Amino acid sequence: MVPSPVDNVLDTIGNTQCLQLQRVVPDGHARVFIKLESLNPTGSYKDRMARSIIEEAERRGDLRPGMTVVEATGGSTGSSLAFVCAIKGYAFRVVSSDAFAQEKLLTMSAFGSTVELIKSPTGKITSDLIPSMRERAREIASQDGCYLADQFNNQDVLVGYESLGRELVEQLPGGIDGFCGAVGGAGMVMGVSKVLKSTWPECRVIILEPGSAPIITEGRAGTHGVEGIGIGFVPPLLDKKSYDEAWAVSEVEARIMCRRLAKEEGILVGTSTGLNVVAAIALAGRLGPEKTVVTVACDTGLKYMRGGLFTSE
Ligand SMILES: Cc1ncc(COP(=O)(O)O)c(C=O)c1O
């Protein structure tokens, strides 16, 4: 059905399509579906949580007209918050880094936010990068009239992602046997898992992290190149009761999968999505035919065209 016209651009968030992968899943595996969150207005599922962070704070009266929203972000959450703040008339101050895609930094500016960068000496995401960005954001937010979005501690994030879970329940009424997703702040997997496990208690939920930064699986931080995940500490929103297993996945395999998804499935996505699909196929192999596995296209590959994702090995 064609969606009806809307008068608020925020209502274009969500209701994304769900696609069954056709070519990258080997025979004898479960069906693998991917929820195309890359179709959201800023090209990532973060639009859902940016809206819930802002609107829940407004509802409580913590965020009022004339205030400035502040956040430390690699740029996906930042792009989404910049979009929501532009529409709602809040100033937005972002602390980010040159370790993240230039496309994201430019997107935040395009929506009118003020972007401050913490330099990464290697251009990589080191374990102390996000903590130092957060420290600077806290410093800015201590000024009067500021509201710190604090995505890694903010329960309002989960409200936004529950809608993603509810859409999956509607789109796949026959049931979902397994769900996997890479975690940064862990909001997406926690929000979706809450809905899936309350609908199908046997649904197996797997959280994923980069193999080179296995803080959840091995307690060891590390340097990696997968934007949005592997934040250098165990995310406070991660609740052990909401997932069954944690896997560390090779980021080299994830990048190879991104190229295959583009060429073989016509799906243009970033590295965290490549990681999601590598794991979804492994889970589909374990569960076997007649089962259904779901994962998520976190964001669009258009955000990574200037980096080496689609051009180097
Ligand atoms: C591209 C990308 N993938 C995955 C994630 C992880 O999502 P979450 O923070 O909900 O765990 C993020 C979060 O910033 C992201 O930007």
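Ala186 sits in the loop between strand 7 (178-182) and helix 6, where helices (H or I, at least four residues) and strands (E, at least two) are DSSP runs numbered from the N terminus. The model is predicted: local features need pLDDT of at least 70, side-chain atom pairs count only at pLDDT 80 or more, and totals for chains, interfaces and linings use all residues. Residues are numbered from 1 along each chain as its sequence is written.

**Positive phi**
- Ala186 has a phi near 80°, a positive value in a residue other than glycine.
- Ala186 counts as buried, with 27 C-beta neighbours inside 10 Å; buried is 20 or more other C-beta atoms within 10 Å of a residue's own, exposed is 12 or fewer, and partly exposed is in between, with C-beta atoms placed from the backbone.
- Asn15 is not a glycine either, and its phi is positive, about 50°.
- Asn15 belongs to the segment before strand 1 (18-20).
- Asn15 is partly exposed, as 13 other C-beta atoms lie within 10 Å.

**Helix 5 and helix 6**
- Two packed helices are described by the angle between their axes and the distance between the axes.
- Helix 5 (residues 156-171) packs with helix 6 at an angle of about 45°, and their axes are 7 Å apart; axes are lines fitted to C-alpha atoms, for helices over the stretch in contact, and angles run from 0 to 180 degrees between N-to-C directions.
- The two helices are therefore oblique to each other, given that angles under 35 degrees count as roughly parallel, over 145 as roughly antiparallel, 65 to 115 as roughly perpendicular and the rest as oblique.
- Residues making the contact include Val157, Leu158 and Tyr161 of helix 5 and Met188, Val192 and Leu196 of helix 6; contact needs C-beta atoms, placed from the backbone, within 7 Å.
- The residues of this contact divide into 11 nonpolar, 5 polar and 3 charged; Ala, Val, Leu, Ile, Met, Phe, Trp, Tyr, Cys and Pro count as nonpolar, Asp, Glu, Lys and Arg as charged, and the others, Gly among them, as polar.

**Around the ligand**
- The ligand is surrounded by 18 residues, the closest being Ser76, Gly184, Met188, Gly228 and Ser272; a residue is near a molecule if its C-beta atom, placed from the backbone, lies within 6 Å of it.
- Helix 2 (76-88) and helix 6 (187-199) are the elements that give two or more residues to this shell.
- The shell has 6 nonpolar, 10 polar and 2 charged residues.

**Ile281**
- Ile281 lies in helix 9 (residues 271-287) and counts as buried, with 21 C-beta neighbours inside 10 Å.
- Leaving out residues up to four places away in sequence, Ile281 touches Val24, Val25, His29 and Val32.

Definitions and conventions. Two residues are in contact if their C-beta atoms, placed from the backbone, lie within 7 Å.
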